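Have the sequence and the 3D view open as you read.

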Amino acid sequence: MARLTFLGAAQTVTGSQYLLEANGRRLLVDSGMFQGEKALRLRNWADPEFDPAKVDAMVLTHTHLDHIGRVPRLVKQGFRGPIYCTPPTRDLAEILLLDAAHLQKEDAEYLNRKGLTKHSPALPLFDEADVQAAMELVRPLPLGRPQEVGDTFSFAYRDAGHLLGAASAEVTVRENGRETRVFFSGDVGRFDTVLTRDPEPAPDADYLVVESTYGNRTHPALSILDQLEGVLKKTFARGGVLLIPAFAVGRAQQMIYLMDQLVTAGRMRAFPIHVDSPMAIDATRIYASYPEASKASLNNIGGRSLLHGKWIQFHRTRAESEALNPMKGPAVILSSSGMLSGGRILHHCRVRLPHAENTLLITGYQAVGTLGRALLDGATSVRIHKGDVPVLAEVRDLKGLSGHADAGEMMRWLSSVHRAPRAVFVTHGEPEAAEALAARIGRERGFATRVPGPDESFDLAPGEAGGPGPEVL
Ligand SMILES: [Zn+2]
């Protein structure tokens with residue numbers, strides 16, 4: 001009998017890793033990093049519960065580190081099978097994993113230099129050579145193309161709409177002449193959102209594994225373009241600079257697209273946009289090279305793209321970045337990191353926050369303890385690079401740009417499931433969010449649900465699942 005073990009993203013939102021076993025064969029769906037509190041992060045260092053050399057293949061859903069961040073370490077520990085992902089995920093994963101390796105090296109060096117570690121010396125989870133070794137095992141697989149993995153598993157990707165290249169995985173397990181279908185949602189995107197395509201509706205399957213990041217929440221129904229137009233116009237009327245911290249992959253491209261929309265639609269005159277993040281530049285190029293994978297092409301937005309015009313400038317070197325310091329508004333500086341936890345955005349904050357004409361526009365989730373959270377909570381002075389920086393600039397929050405479906409959108413995504421699965425496993429959510437979505441799926445669809453605990457295993461019965469589910473009203 002097939003067995004499914006939830007090694008990560010069980011009652012938490014990070015560390016996605018699911019192990020599917022049958023006929024002595026093993027398939028891993030995602031191998032993400034645990035992020036957030038220390039107790040979780042320590043799990044990244046624990047030896048895996050399986051022998052990586054005995055895993056036949058990995059199936060990755062998308063490029064966020066909480067889904068791929070443990071892949072190089074597993075390769076270092078002996079994994080040698082193919083690593084499947086979509087072509088855009090392959091390209092984005094390479095820049096994100098190399099960046100993660102670089103940051104870990106810097107962190108380890110810092111801890112060693114300051115004597116802040118019990119381990120001597122402190123080591124990174126993986127290094128650039130481990131990333132290169134992992135990338136050599138990658139086998140890009142387009143959406144919709146079936147792929148055999150030995151004689152036990154096969155799978156195909158479906159568009160998950162969450163990020164460029166993000167996919168759900170529909171896995172078929174063959175055992176003793178019988179088939180069991182297990183569908184892994186990956187991270188499910190929103191409907192009618194910016195740049196990213198709508199998620200493909202969920203299929204019928206014997207078992208569904210469904211994310212629940214916002215399983216107990218509803219995103220605000222505010223127009224993002226209206227909010228952005230308001231902030232831009234107000235800042236520019238003061239002669240200020242709009243500073244946008246944005247995650248380099250995904251959020252930065254959405255922001256470029258939104259600003260282009262405002263100009264293309266004639267709502268604003270063109271204005272200078274400075275993209276100051278080497279990783280955002282690389283990621284934007286990857287977005288532009290897969291025009292069919294997004295709702296709109298970043299190469300040809302509205303027929304007169306800012307990207308092709310003189311208004312958008314990309315800055316790769318530190319000298320180019322520093323040359324922006326004396327610049328007066330109106331202008332936009334887009335830089336990372338998104339939570340102001342590091343990167344060039346810090347230096348722009350130091351220059352721009354003390355002046356009341358400027359605005360800092362937060363575009364994503366800000367974790368507790370980050371500089372971004374402190375600024376959103378109204379700090380009047382912050383510490384940056386060991387100096388006190390007074391905050392006179394306006395601080396605003398752009399609402400509704402989440403890459404994850406909310407509870408209602410998850411139910412809409414599930415409405416295409418007609419045959420009741422044997423079970424819906426609700427994962428990738430804090431306990432309250434996962435329980436709330438599980439309860440709602442049970443109430444509205446009548447499906448059996450489970451919220452797996454960390455490392456919990458389930459035997460999967462083969463063959464046809466139950467009868468037709470109740471119709472969705
Ligand atoms: Zn994600």
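Accessible areas come from the Shrake-Rupley method with a 1.4 Å probe, and for residues only the protein chains shown count as cover. On that basis, the accessible surface of the protein comes to about 19,700 Å², and carbon and sulfur atoms hold 52% of that area.

A word on the ground rules: this is a predicted model, in which local features need pLDDT of at least 70, side-chain atom pairs count only at pLDDT 80 or more, and totals for chains, interfaces and linings use all residues. Residues are numbered from 1 along each chain as its sequence is written, and side-chain values use heavy atoms, with hydrogens and water left out.

**The whole protein**

The protein has 13 helices and 22 strands; these are DSSP runs numbered from the N terminus, helices being H or I with at least four residues and strands E with at least two. Its radius of gyration is 23 Å, which agrees with the value near 23 Å for a compact globule of 473 residues. That radius is taken over C-alpha atoms, and the globule rule is 2.2 Å times the number of residues to the power 0.38. Among contacts (heavy atoms within 4.5 Å) with a separation of 6 or more, 75% join residues 24 or more positions apart.

**Helix α4**

Helix α4 covers residues 87–114 and spans 41 Å from its first C-alpha to its last, close to the 40 Å expected, where the expected span is 1.5 Å times one less than the number of residues. At A93, α4 bends by about 25 degrees; this is the angle between axes fitted to the seven residues ending there and the seven starting there. Its buried residues include P88, L92, A93, L96 and Q104, and their cover includes α2, α3, β5, α5 and α8. After α4 comes G115, with a positive phi near 65 degrees.

**Strand β16**

Which residues of β16 point one way, and which the other? T359 and L361 take one side, L360 and I362 the other, and all are buried.

| Partner of β16 | Sense | Bridges |
|---|---|---|
| β12 (residues 241–245) | parallel | two bridges |
| β19 (residues 394–397) | parallel | four bridges |

Terms used: Buried means under 20% relative accessible area, exposed over 50%, partly exposed in between (1.4 Å probe, protein chains only). Two strands pair if DSSP finds at least two bridges between them.
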